[in-house]
Structure formats: C-alpha cells, structure tokens
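Me: Can you walk me through this one? I'd like to start with the charged pairs.

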Amino acid sequence: MDIETEQSGLNISVLASGSTGNITYVESDKMKILVDCGFSGKKAIELLHKIDRKPEDLDAILVTHEHSDHIKGVGILARKYNLDVYANEKTWQAMEPKLGKLKTEQKHHFSIDKTMTMGDIDISSFGVSHDAIDPQFYTFQKDNKRFVMLTDTGYVSDRMRDYVKNADAYLFESNHDLSMLRMGKYPWSLKQRIIGDKGHLSNEDGALALAEIVGDRTKRVYLGHLSRENNVKEIAYDTVEDILFRKDTGVNQTFKLFDTDPVEPCGLFTL
C-alpha cells in the first residue's frame, strides 16, 4: 500500500469502512485521533501499523453512534492505551454497557452541533438520520482545510447539505445498490430499514447529494460504508462517477473519487 508523504496539516486515513466495521484516523502535529472503532482491538492495531502508526501514540476516540460496527473495539483500545473517548450523552447511555469499564476521566461528552478544539484541530459535530439513539458525525478543520465524515444516514437534509458544503475532502456514504438490495436475500423488514429515512444512502442517493455538496475547494471524495451483501466497489464507483459526471461536478478532473475497503486502509493523505 502506498503512503503519501505526510506534511504539516491534517493527515487522514480511512483505515476501514463497510457494513462490518468502520474506523478512521486523523492526525495533526498535536493530535492523533480515531473516529469509531468497529473492529477488535487486535485488528485496529494491525490497521494502524499498516499506515506506520502506533496505537500508543493515540490521544482520543470520537464515537458517532452505538452500533457495533462503530464501537466494537472502543473500550478495549481506550483501556489499553488510556485514551479519552468522546460521544454525546444519549450515545454514551446506549454504548456504555457495551464498552466495559472506563475511568471517569476518560469519558467526555461531545454534543451535537458543537465545536471543540483538540490540540490544533477544530472538530464540529452534526446530527444525521439513522436508527441509532442520537447519531452524529464530525468535521475536522485545521489551517483552513476541512475534512467531512458523513455516513450512516438515510437521507441528506438541506441543513446537513449546507453544513458540510465545499469541504476539501469527504468520506461519504455509498452503502447499497438498490437492485442488489431488492433482489437480495435480506428479509423485507431489513430492506425497508436500509432504504428508509433512518437507514443508509444508496449509491444513487449518495451521488445526488454529493453533486450538491462538492465545490471548488473539494479535492477528494472517498466512498464509504459499502454493504458487504448489497454492493460492490465497481458498481458503487461507476454509479457515483456517472451521476457526478452528468451533473458537471468536475469528478476526476477538479477532484478525485476513491474507494475504501472493509478490511484494508487507504493510504494517508494530507490536507
């Protein structure tokens, strides 16, 4: 795996993204942060090592919501490396029994629609529409460069769209291909959940939202949280690229489209 030369700024790697687990790494000169950890502690450490990073250098874990594909290894890593963990109050209530015992001083509240400065990074939270108790995602800003994470949402509201518009880079949901989902083996109730307003964005809906969000500052879009059962990378990429091309967004000209992987990290990139 190629790792781009790191520079001062925000260094980012989508360590893994998919329906089976999610974990993203964000670092600056002063902070090293994970967003979610939906894998075993052993797997999370392995992913960090693949981008030449050590878990003992981490400072914090930010949690988006309490589903297991986002929190499986949070408690393990936090205990082993004495990490601070941030989530909103309702998410804490839902996930705390699943994390195991943490010290009081490790547990921090990060409410929706708030901005916190951690070291030299300004981190803002915003709410999404998903079937968790109080799901939120994050934007990271340093030196006028901005990285947005937006997955696990059934739709993108006007408010969300305006909030995340024209960032430098995105991790954006492209969960399922509608035809694969409709023809697949999932029970009808689960299919309804996935396509509902509190489910996940399809390739088409994600692309249509992206077409209204990317701007002249945007340089990178990573397609994330692909379903293992109802999507494949090639279909997701081709669908999103085609819609963005037809919407005249400058896809793969002014900005590049990238895959993510459910078990392998993307190379570090710098904003």
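Reply: A term to begin with: a salt bridge is a side-chain nitrogen of Lys or Arg within 4 Å of a carboxyl oxygen of Asp or Glu. Keep in mind that this is a predicted model. In it, Lys43, Glu46, Lys50 and Glu264 are linked in a network of salt bridges.

Me: How many salt bridges does the structure hold?

Reply: The structure holds 15. One of them joins the side chains of arginine 161 and glutamate 212, at 3.1 Å from N to O. Arginine 161 sits in helix H5 and glutamate 212 in helix H8, so this pair ties together parts 51 residues apart in sequence.

Me: Is arginine 161 buried or exposed?

Reply: Arginine 161 counts as buried because its relative accessibility is 13%, and buried means under 20%. Glutamate 212 has 43%, so it counts as partly exposed.

Me: What does aspartate 261 pair with?

Reply: Aspartate 261 forms a salt bridge with lysine 233, with the closest N and O atoms 2.7 Å apart. Aspartate 261 is in the loop between strands S13 and S14, and lysine 233 is in helix H9, so the pair ties together parts 28 residues apart in sequence. Aspartate 261 is buried, at 18% relative accessible area. Lysine 233 is partly exposed, at 29% relative accessibility.

Me: New topic. Which residues of helix H8 are buried?

Reply: Helix H8 covers residues 203-213, and its buried residues include Asn203, Gly206, Leu210 and Ile213.

Me: And what covers them?

Reply: The cover includes helix H5, strand S11, strand S12 and helix H9.

How values were computed:
Residues are numbered from 1 along each chain as its sequence is written. This is a predicted model: local features need pLDDT of at least 70, side-chain atom pairs count only at pLDDT 80 or more; totals for chains, interfaces and linings use all residues. Side-chain values use heavy atoms; hydrogens and water are left out. Buried means under 20% relative accessible area, exposed over 50%, partly exposed in between (1.4 Å probe, protein chains only). Helices (H or I, at least four residues) and strands (E, at least two) are DSSP runs, numbered from the N terminus. Contact means heavy atoms within 4.5 Å.
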